[in-house]
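This report walks through one protein chain, from its overall layout to single residues. Please keep the sequence and the model side by side while reading.

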Amino acid sequence: MDAFVNDADTLASTQRPTQEEAEAAVLTLIRWSGDDPLREGLRDTPMRVAKAYRELFSGYEAAPADVLARTFSEVKGYKDMVIVKDIPFFSHCEHHMLPFHGMAHIAYMPDQRVLGLSKMGRLVDLYARRLQTQEAMTSQVAHSLDERLRPKGVAVMIEAEHTCMAMRGIRKQGSKTLTTTFTGLFETSPADQARFMTLARG
Ligand SMILES: Nc1nc2c(ncn2[C@@H]2O[C@H](COP(=O)(O)OP(=O)(O)OP(=O)(O)O)[C@@H](O)[C@H]2O)c(=O)[nH]1
Ligand SMILES: [Zn+2]
């Protein structure tokens, strides 16, 4: 497993409960909701939910090193900002295990090497498919890119709506949370930071 701080939360597969234990937990939650888990429509639901969790939380199976292993150096002198914006994602807040979803915008200032563009989306998914806070996810995406690619700077902005604030609790639909992390040049140069914000939001 990757030695970087970003993966301190992942549990070894040997520490995971069995499929049967996961299904029993879902069955308890159905009963907790007030429904009968043995009625026809719900009979296979614990199995389906356990299977869906495997997919929704597949980010624990992957390490950023795998996503960021391959970089390219042949860019014919290109050295300005690379920005991939409007990367859609779905994640789950770690407080309520309810979805939050939105867009991630990622930029970096290359130092000789560039990354395959698809890897930005893969990195977002890797961290989104875990139990998260939006702040932690923003920081993890930025710092893993920074540590692996070693560019001159990284900027990440995430905008998201949290269903735990829309469907329950305070019940404020449509409000968005914005989080940013800047490293290197983006942290020290207000002009580059402003350019990123303009491009990301434009
Ligand atoms: N900072 C941060 N907070 C989050 C995130 N997702 C959900 N939350 C908040 O986590 C907080 C948990 O607060 P608690 O008071 O412990 O739990 P609660 O009683 O369910 O809170 P309410 O949502 O206010 O009903 C809430 O204010 C949520 O809005 C996130 O990504 N980042
Ligand atoms: Zn929540």
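Domain bounds, as used here, come from an automatic or database domain assignment. The C-alpha centres of domain 1 and domain 2 lie 29 Å apart. Domain 1 covers 5–56, and domain 2 covers 72–201. The model is predicted.

## Overall layout

The protein chain has eight helices and seven strands. Its C-alpha atoms fill a box of roughly 65 × 40 × 25 Å along the principal axes. Of the 202 residues, 40% are buried. Consider next the contacts with a sequence separation of 6 or more: 69% of them join residues 24 or more positions apart.

## Between the domains

The area buried between the two domains is about 630 Å². Carbon and sulfur atoms give 38% of that area.

## Helix α4 and its surroundings

Helix α4 spans residues 118–128. Its buried residues are M120, G121, L123, V124, L126, Y127 and A128. What do these buried residues pack against? The helices among their partners are α3 (64–67) and α5 (134–149). The strands are β2 (82–93), β3 (99–109), β4 (114–115) and β5 (131–132).

## Two threonines in strands

T71 sits in strand β1, residues 71–72. Setting aside residues up to four places away in sequence, T71 touches R113, V114, L115 and L149. One of these, R113, also makes a polar contact with T71, side chain to side chain, at 2.6 Å. G116 lies 45 residues away from T71 along the chain, yet the C-alpha atoms of T71 and G116 are separated by 6.7 Å.

T181 belongs to strand β7, residues 177–184. Is T181 buried or exposed? T181 counts as buried because its relative accessibility is 12%, and the cut-off for buried is under 20%. Leaving out neighbours within four places in sequence, T181 is in contact with T138, S139, A142, H143, V154, A155 and V156.

K76 has a positive phi of about 50 degrees, although K76 is not a glycine. D86 is not a glycine either, and its phi is positive at about 55 degrees. K76 is in the loop between β1 and β2, whereas D86 is in strand β2.

Why does K76 count as exposed? Its relative accessibility is 74%, and exposed means over 50%. D86 has 40% relative accessibility, so D86 counts as partly exposed.

| Residue | Relative accessibility | Class |
|---|---|---|
| T181 | 12% | buried |
| D86 | 40% | partly exposed |
| K76 | 74% | exposed |

## In brief

The predicted model holds two assigned domains, 5–56 and 72–201. Helix α4 has seven residues named as buried, including M120 and A128. T71 reaches R113 through a side-chain polar contact of 2.6 Å.

Methods. Residues numbered from 1 in each chain as written. Chains lettered and ligands numbered in written order. Predicted model: local features only at pLDDT ≥ 70, side-chain atom pairs only at ≥ 80, totals over all residues. Heavy atoms only, no water. Buried area = accessible area lost by both parts, 1.4 Å probe. Helix = DSSP H or I, 4+ residues; strand = E, 2+ residues; numbered from the N terminus. Buried < 20%, exposed > 50% of the residue type's maximum accessible area, 1.4 Å probe, protein only. Contact = heavy atoms within 4.5 Å. Polar contact = N/O pair within 3.5 Å; in protein donor to acceptor, adjacent residues only side chain to side chain.
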